[in-house]
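Hi everyone, thanks for coming. Let's take a short walk through this structure together, so please have a look at it first.

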Amino acid sequence: MSSVPRLVVAAPSSGSGKTTVATGLMAAFAARGLTVSPHKVGPDYIDPGYHALATGRPGRNLDAYLCGPELVAPLFLHGARGCDLAVVEGVMGLYDGAAGEGELASTAQVAKLLGAPVVLVVDASSQSRSVAALVHGFVSWDPGVRVGGVILNKVASERHEALLREALESAGVPVLGALRRAAPLETPSRHLGLVPVAERQGAAVEAVAAMGALVAEGCDLAALERLARTALAVPGGSAPWTPVSPTLDRPSRWGEEPAQKDFRPVVAVAGGAAFSFSYAEHVELLSAAGAEVVTFDPLRDDSLPEGTAGLVVGGGFPEVYAAELSANELLRKEVAALAVSGAPVAAECAGLLYLCRELDGRPMCGVLDATARMSERLTLGYRDAVAVSDSVLAPVGTRMRGHEFHRTVVEPGAGQSPAWGLRAPARRVEGFVQQGVHASYLHTHWASEPGVARRFVERCLTS
């Protein structure tokens with residue numbers, strides 16, 4: 001496991017073509033019959049959806065800020081179990097990480113934590129010989145990062161490609177692929193990035209197939225696979241992460257098993273086009289803690305799954321589907337009734353909006369005495385947080401790291417019992433805790449604090 005072949009796909013900056021190349025590599029290797037493990041550096045939820053289409057496996061995130069550097073390798077090994085090869089898509093530029101935190105959460109740090117070679121994707125559309133100076137700088141900046149080759153993107157012509165290859169040959173950096181401009185690969189974007197797979201369906205399948213074909217034609221897949229096999233054993237002798245950890249306390253009523261075998265409370269998890277943001281490990285942690293996890297779609301289902309004892313509503317784009325969500329009055333009333341009953345409800349970002357009284361003037365569930373609306377301002381960044389109210393997720397004083405990413409505003413921003421106190425970038429309280437409800441803008445990764453899932457499921461058993 002610790003020597004699974006792997007590549008990290010990085011770039012000098014955002015917009016260079018990382019997602020196209022990484023997703024295309026995943027699809028191309030999968031088409032060759034390899035079982036490919038897909039990963040994404042950072043908190044991004046959208047790219048992993050395309051990765052999952054390309055590989056047929058859950059797209060997984062590796063975030064050294066949210067989970068800590070010590071969990072990057074174990075989470076990678078968990079996702080790559082049984083795979084022939086892994087492809088890790090980077091975030092932003094190769095050396096860009098959490099603001100003011102040095103290399104923390106950068107693609108470079110993750111590559112070092114995994115002992116993986118890096119393939120640098122360079123947008124060559126406005127340069128020729130200068131590409132060598134650019135690549136030389138990225139290769140030499142950190143001796144601990146091993147750049148194994150370059151894939152040239154947006155190459156204009158055969159002549160242009162020849163000039164680029166000649167320049168990079170003099171710099172001693174292998175060219176592992178050259179991709180021409182390809183309009184059919186354009187994927188639609190909006191206020192928070194690419195449109196998620198859940199909203200595009202057939203079009204997303206076609207886009208991923210086109211990425212795979214482009215990469216298979218323009219890249220030396222054999223050379224890339226050989227490079228992947230030069231990955232070192234994962235540093236530190238890490239074992240794969242598991243959602244069940246014998247070193248962590250469980251409620252005594254559960255004994256040695258994660259839950260009583262004769263009863264598994266139903267935890268409903270919102271999905272579909274409006275709520276497509278989730279980490280695969282959350283469902284695994286809930287299941288390991290003893291829950292029967294059932295996914296439902298608030299755009300299509302007019303009731304919660306039968307026997308629902310707890311509800312998780314993660315991130316997504318409810319603002320895009322506000323009219324449809326509002327029109328599903330039966331489900332809105334059932335969600336409100338569940339919350340009033342004291343059952344545990346965990347809502348992040350999009351889930352927070354759904355629980356408000358209204359969103360852009362349209363009625364929502366009315367669980368929270370707050371309104372939500374679209375905003376011109378993007379709120380984006382990592383956050384250090386501490387629980388300031390006891391909740392179904394965490395006791396007071398629990399410290400977690402999270403991420404905000406939204407163009408909406410909730411007024412008021414916090415209830416009488418706030419969910420979190422944030423230390424950066426500005427000190428403030430945020431979110432709502434009332435009865436069994438925990439609602440917040442903050443996206444968190446529960447693998448960093450497995451007690452969150454166990455506490456939630458225990459509340460399902462006792463509420």
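Let's start with a pair of helices: H3 passes H4 in a right-handed crossing, where right-handed means that the near helix is turned clockwise from the far one by less than a right angle. Before going on, a word on the source: this is a predicted model, in which local features need pLDDT of at least 70 and side-chain atom pairs count only at pLDDT 80 or more, while totals for chains, interfaces and linings use all residues. Residues are numbered from 1 along each chain as its sequence is written, and side-chain values use heavy atoms, leaving out hydrogens and water.

Back to our pair. The residues that meet are Pro69, Val72, Ala73 and Phe76 from H3 and Gln109, Val110, Leu113 and Leu114 from H4, with contact meaning heavy atoms within 4.5 Å.

Now the sheet. Seven strands make up an open sheet with parallel pairing, in the order S3-S2-S4-S1-S5-S6-S7; two strands pair if DSSP finds at least two bridges between them. Strand S3 (60-62) and strand S7 (175-180) are at the edges with a single partner strand each, so one side of each has no neighbour in the sheet. Within the sheet, S1 (residues 6-10) and S5 (residues 118-123) run parallel and are joined by three bridges.

Last stop: where does valine 320 sit? Valine 320 is in the loop between strand S12 (308-313) and helix H11 (322-327). Its C-alpha atom is 9.5 Å from that of alanine 273, 47 residues apart along the chain.

Technical notes
Helices (H or I, at least four residues) and strands (E, at least two) are DSSP runs, numbered from the N terminus.
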